[in-house]
Amino acid sequence: MRENGVLLPIFALPSRYGIGCFSKEAYEFVNQMKKAGQKKWQILPLGPTGYGDSPYQSFSTFAGNPYYIDLEVLTNEGLITEEECDEYDFGQDETKVNYEALYRNKFKILRKAFKRFHKSNEYEQFLERNEEWLTDYCMYMAIKDSQNGVSWIQWPEEYRDRDEAAMANVKEELAEDIDFYRFQQYQFERQWTWLHDYANSQGIKIIGDIPIYVAFDSADTWANPKLFQFDEENMPAAVAGCPPDGFSPTGQLWGNPLYDWDYHRKTGYEWWMKRIEFCFRLYDSVRIDHFRGFDEYYAIPYGAETAVNGKWMPGPGKELFDAIEEKFGRLDIIAEDLGFLTDSVLKLLKDTGFPGMKVLQFAFDSRESSNYLPHTYTTNCVVYTGTHDNDTTRGWYLNASAGCREFAKEYLNKEALDVDTLSWDFIALAMSSVADLCVIPVQDFLCLDGSARINTPSTLGNNWDWRLKRNQISDTLIEKIYKMTRLYGRL
């Protein structure tokens, strides 16, 4: 079935308190997508973010971001007041997320709500349902707060190594803080579930996103070091990244710990089964980031300053995905297969049957091969004008080389490309392709320039902070999206 969808992170929604969240504006966006004939809403990872604010570097692969908790719900439930919310500064620019202001103030207002919260049967059921990861995460965050926010590797030895007596003391001495983090996760889950269910009721499915790796500074690594390539001191032997290429002469040094795949294999990939099961509680479809890493992963010596001296190592391959399918049946998974792909990666993609990704901006870049051009597609793929790691289409064009612009003009069979309308030329090209699913970033529907870019890879700062303005999506735009979606048979 031919379908169309929209890419928009939760944080990019308009809302009253400084960041997009599970507020009435999120429900309004669902209504707008329905009117526009869209069937999928793709978001970014929902985990709690730390230094750099990247959703791909989360404190937990299971926990949710407390910034997304809607304060108006807590107000309506009598846990806080509107006047109390107005006492705090969550950021003054409606077009940008101010993470520093959020960090300083969101937890203060949430703690007020927590102190007035009365536990219920629903809450106790939540605790029981999530116990496998929840207590470790809440202890991790409580200890982290008590240690001024430093990574667990810098904690006192008894905390770092989870000494049994020390952990018992933590549960007693930091009991209130641990409960505060439990409260946050309870509020996150219930509010996300309401929004997810509402989207489904309107015929819209959620595409979630799994980062292949976890952050080193996370409850996952602290609580389960045996899952990773750590030495006896729980320090990484090597870390993740990408080798040098035409975009980055020194490669990309991500710094994430690498999995001990031999250990995972011996357990029947138990942790991965839990992770996948949890993700499909949250989402209807899942995009798996850096799919290539399951075939071969790039290992960089820990402590290296660049990714130049890394080497490729074998991943679990199809064995992992066979185990997932055996346990859960056929799941709706999208493989992020961008970049240089070897024959073995292409075989893994074919053997799993997962749809890969096609990005139109890459089609006209002379540094990339042309298998992103629509005439090369098969139906089993997802086409994008750009992703969260790309510039907006308008921004890309304004910065593209003369050769790229000329090629795009020739391919689109245009005498000239108008910068004010070329985003729609690309949208039409994507929608008219044979790809089963087409996903368009909201910024491209709005023809926005590079100031609306979500992320620039390998940079720190000025990322993950762009937001929609209220009423920026007009009825006229919704009608235009609907007509094009209908024209290309994607309703």
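**From one residue to the fold**

Tutor: S423 counts as buried because its relative accessibility is 1%, and the cut-off for buried is under 20%. Please keep in mind that the model is a predicted one. S423 belongs to helix α17, which comprises residues 422-432. Leaving aside residues up to four places away in sequence, S423 is in contact with T393, R394, D444 and C447.

Let us now turn to the sheet. It is an open sheet of 8 strands, paired in parallel, and its order is β9-β6-β3-β2-β1-β12-β11-β10. β9 and β10 are the edge strands, each with pairing on one side only. From one strand to the next, the twist averages 25°.

One part of this sheet may be followed strand by strand. β10 and β11 run parallel and are joined by 4 bridges; in this pair, M357 stands opposite V382 of β11. β11 is also joined by 3 bridges to strand β12, residues 437-441, and these two strands run parallel. Here Y384 stands opposite V439 of β12. Strand β11 itself, residues 381-384, is covered on both faces. C381 and V383 lie on one side, V382 and Y384 lie on the other, and all of them are buried.

Another pair in the sheet is formed by strand β1, residues 3-7, and strand β2, residues 40-42, which are parallel over 3 bridges. L7 has Q42 of β2 as its bridge partner. Helix α1, residues 24-35, packs on the sheet and touches both β1 and β2, and its direction makes about 135° with that of β2.

After α13 comes G353, which has a positive phi, near 80°.

Finally, consider how helices pack against one another. Helix α5, residues 121-146, packs with helix α8, residues 175-201, at an angle of about 130°, and the axes are 8 Å apart. α5 and α8 are therefore oblique to each other, and their crossing is right-handed. α5 also packs with helix α7, residues 164-173, at about 80°, with 11 Å between the axes. That angle falls within the range of 65 to 115 degrees, and α5 and α7 are therefore roughly perpendicular to each other. Where these two helices meet, T135, M139 and I143 of α5 contact M167, V170 and K171 of α7.

Conventions
Residues are numbered from 1 along each chain as its sequence is written. This is a predicted model: local features need pLDDT of at least 70, side-chain atom pairs count only at pLDDT 80 or more; totals for chains, interfaces and linings use all residues. Side-chain values use heavy atoms; hydrogens and water are left out. Two strands pair if DSSP finds at least two bridges between them. Axes are lines fitted to C-alpha atoms, for helices over the stretch in contact, and angles run from 0 to 180 degrees between N-to-C directions. Contact means heavy atoms within 4.5 Å. Buried means under 20% relative accessible area, exposed over 50%, partly exposed in between (1.4 Å probe, protein chains only). Angles under 35 degrees count as roughly parallel, over 145 as roughly antiparallel, 65 to 115 as roughly perpendicular and the rest as oblique. A crossing is left-handed if the near helix is turned anticlockwise from the far one by less than a right angle, and right-handed if clockwise.
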